[in-house]
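Open the model in your viewer and show it as a cartoon. The tour goes to a sheet, then to a helix, then to a pocket.

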Amino acid sequence: MQVGLKVWRFDTKTAERALKEYEVDAPEEATLLDVLDLVKDKVDGSLAYRRSCRMMICGSCGMRMDGAAVLACKTRMYDVAQAGHVPVISAMGNLPVVKDLVVDMQPFWDKIRAVKPWVEPGYEAPAPGDKENVVSAEQMATIHKESLCILCGCCVSECNSMEANPDFLGPAALAKGMRFVGDARDGQTVERLEELSEPNGVWDCTRCYFCQERCPKGVDPRDAIAKLGAEAIREGIDRDMGAKHAKWFVKSAKTTGWLRETELVPKTQGVVRTLKDVKFGMKLAKHGKVPPPFPPHVAKDVDESRSLHDIVKKQDQRGAQGIVQGERALGRIEPHHDTYAAAAERGPYGPGSFPKPYLPGEEGEETT
Amino acid sequence: MRVAYYKGCLASLSAKELDISTQALAPKLGLELVELESVTCCGAGDIQQAEPDYYLHLNARILAYAEAQGCDTLLTICNVCTLNLRQANFQIQKDEALRERVSANLSAVGAPPYSGGVDVQHFLWLIAQGDGYEKLKEVAHHGLKGLKIAPFYGCQILRPSKLLGVDDPDRPHTLEAVIAACGGEAVDYPAKVKCCGFPIIQAREEMALAELIQPIEQAMEAGADAMVTPCPLCHLSLDAWQQKLEKQTGRSFDMPILHLSQLVGVAAGLSDSELKFKRHVVSMKPVLEKLDV
């Protein structure tokens with residue numbers, strides 16, 4: 001089959017950027033990586049990209065296809081070629097470009113290192129007569145998904161929080177953090193949770209779920225971040241405004257049932273900071289956006305949600321396990337047939353429908 | 001179609017205009033809304049991140065009350081409610097041991113048990129496809145006179161797609177379909193699928209504003225007369241926090257923001273008292289003048 005690609009080239013020496021189009025004849029089973037190999041072999045030997053294992057385990061070939069981060073070796077080109085679509089291939093986002101499709105992974109590695117990705121032994125010596133401590137399957141289940149990470153960086157590429165704050169640890173490092181927070185052998189759980197709850201950590205996540213969507217290995221980094229939040233709050237680590245914000249929702253649910261919106265601001269930010277923003281609040285109030293807290297808006301039968309809270313507390317499911325439950329059953333829900341039909345009619349690659357990559361200097365016409 | 005109606009926190013109070021316009025619109029679209037009285041907040045992702053097991057129970061309780069009303073569909077009008085309820089529902093439906101424990105706990109506090117028989121559907125999905133779309137086309141005959149509308153999806157109606165699964169997360173089309181059916185012209189811009197910053201707008205305001213400016217700026221550059229969103233949290237962020245962006249950048253945006261139900265409501269000829277545009281921070285006047293309403 002004939003496969004076309006438009007590749008954003010970047011020349012380090014001249015700092016010039018150009019969109020180059022290539023077309024090669026590739027076997028029907030070819031992946032994006034196979035096609036790039038063919039281009040490099042037969043058309044343009046100067047094309048730069050990273051690759052190694054070709055089987056979705058080394059994590060080298062993360063790049064963007066039409067604005068979405070993918071592993072090139074996992075992405076089959078048959079459907080794209082059949083649709084007559086020529087995808088735009090570019091370097092991953094949120095990391096500096098070195099050359100063509102190669103990004104500098106140093107900031108990524110720095111953040112991974114910052115979460116101390118090794119076990120700090122905290123288990124007791126085996127009982128006399130026992131040779132070793134055994135970690136049970138249940139204990140490992142808590143961090144099974146986080147253990148699947150291949151450090152490819154796809155989750156980081158479209159992270160909206162990291163775009164807004166480049167110092168944010170980001171989904172890969174936080175998922176790695178959870179992998180050790182949840183490890184039964186680790187003795188630094190509380191210290192880790194303290195560190196991960198600092199600014200640039202857990203509470204910087206804006207819950208855009210791009211990481212969950214992009215991860216090619218099913219790590220579900222956003223879920224890992226939620227697990228860290230739950231574990232931190234369970235340990236009483238709640239200094240951050242994000243933690244206070246989350247706790248107020250719990251308080252609201254068990255007292256009135258509905259969110260006590262107006263009180264949420266001082267409960268999150270503190271009274272002093274709230275008062276500084278009083279002019280803003282007044283303007284909102286004029287349009288009914290600041291509902292008076294009294295009398296409170298109370299849900300009918302709210303005693304049920306209060307009692308539920310007591311029961312749940314007594315049953316004492318570990319925070320993280322509340323998110324793990326049922327997770328193994330997660331699969332992809334197939335869209336309804338009529339949705340498929342509508343999408344097919346519209347064409348899978350409608351004009352301008354991809355998020356624009358947002359690396360500095362990359363504001364060119366990268367969307368198709 | 002008889003559906004259980006879950007309006008959530010914001011539409012109950014600070015975004016009342018969303019609830020009022022949805023209720024006014026529903027009969028015209030053939031939707032019989034069964035209001036749930038005893039339900040609570042879904043937790044907005046915050047309770048999931050603080051006490052996940054409590055989050056599951058609160059959402060199971062909402063689903064249980066819908067089931068007890070004999071409804072097999074729970075209608076949501078907020079992205080965040082949609083994801084929270086669908087995620088809890090999916091976990092409960094697929095994990096028998098969890099379902100039994102949660103149901104037993106619900107019964108113990110006097111709530112109905114939950115057998116897993118409810119499907120959570122966002123209002124957008126019901127009117128953008130199938131019979132609902134046909135109904136929409138009949139109802140929206142007042143048209144939007146070619147008004148240029150920027151669709152803003154927000155996050156939790158698109159991602160994670162394995163839990164939502166109606167729109168393609170990178171190539172969504174439902175809002176565009178609704179805008180077209182209402183006689184408007186959808187403008188395209190890349191940030192329509194990105195985050196509005198709302199979940200961290202109180203804890204990390206600077207970051208949130210750096211996210212918020214993208215859709216507003218891009219919609220303006222694309223020549224939009226107004227933006228429309230299916231989520232009241234995105235609405236609050238885009239509408240109310242827009243003035244903070246103006247203060248921060250020294251620029252004026254004046255971008256009117258419509259709830260989805262208001263956009264359809266205008267096209268369906270709802271009255272002022274049903275649309276409640278006065279409850280918006282950014283004035284809707286320029287849009288209404290163009291529409292000659």
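Two strands pair if DSSP finds at least two bridges between them; strands (E, at least two residues) and helices (H or I, at least four) are DSSP runs, numbered from the N terminus. This is a predicted model, in which local features need pLDDT of at least 70. Residues are numbered from 1 along each chain as its sequence is written, and chains are lettered from A in the order in which they are written.

Select residues 2-11 and 88-90 of chain A: these are strands β1 and β5, paired in the parallel sense over two bridges. Lys6(A) has Val88(A), in β5(A), as its bridge partner.

Now widen the selection to the open sheet of five strands in chain A, with the order β2-β1-β5-β3-β4 and mixed pairing. Its edges are β2 (16-25) and β4 (68-71) of chain A; each has a single partner strand, so one side of each lacks a neighbour in the sheet.

Next, select residues 32-43 of chain A. This is helix α1(A), which packs on the sheet and touches β1, β2, β3 (62-65), β4 and β5 of chain A; contact means heavy atoms within 4.5 Å.

Finally, select Glu261(A), Thr262(A), Val265(A), Gln202(B) and Trp241(B), which are the closest to the centre of the second largest pocket among its 46 lining residues. On a 1 Å grid over the protein atoms alone, a pocket is an open set of points where a 1.4 Å probe fits, with protein on both sides within 12 Å along at least five of seven lines; lining residues have an atom within 4 Å of a point.

Notes:
This is a predicted model: local features need pLDDT of at least 70, side-chain atom pairs count only at pLDDT 80 or more; totals for chains, interfaces and linings use all residues. Side-chain values use heavy atoms; hydrogens and water are left out. Axes are lines fitted to C-alpha atoms, for helices over the stretch in contact, and angles run from 0 to 180 degrees between N-to-C directions.
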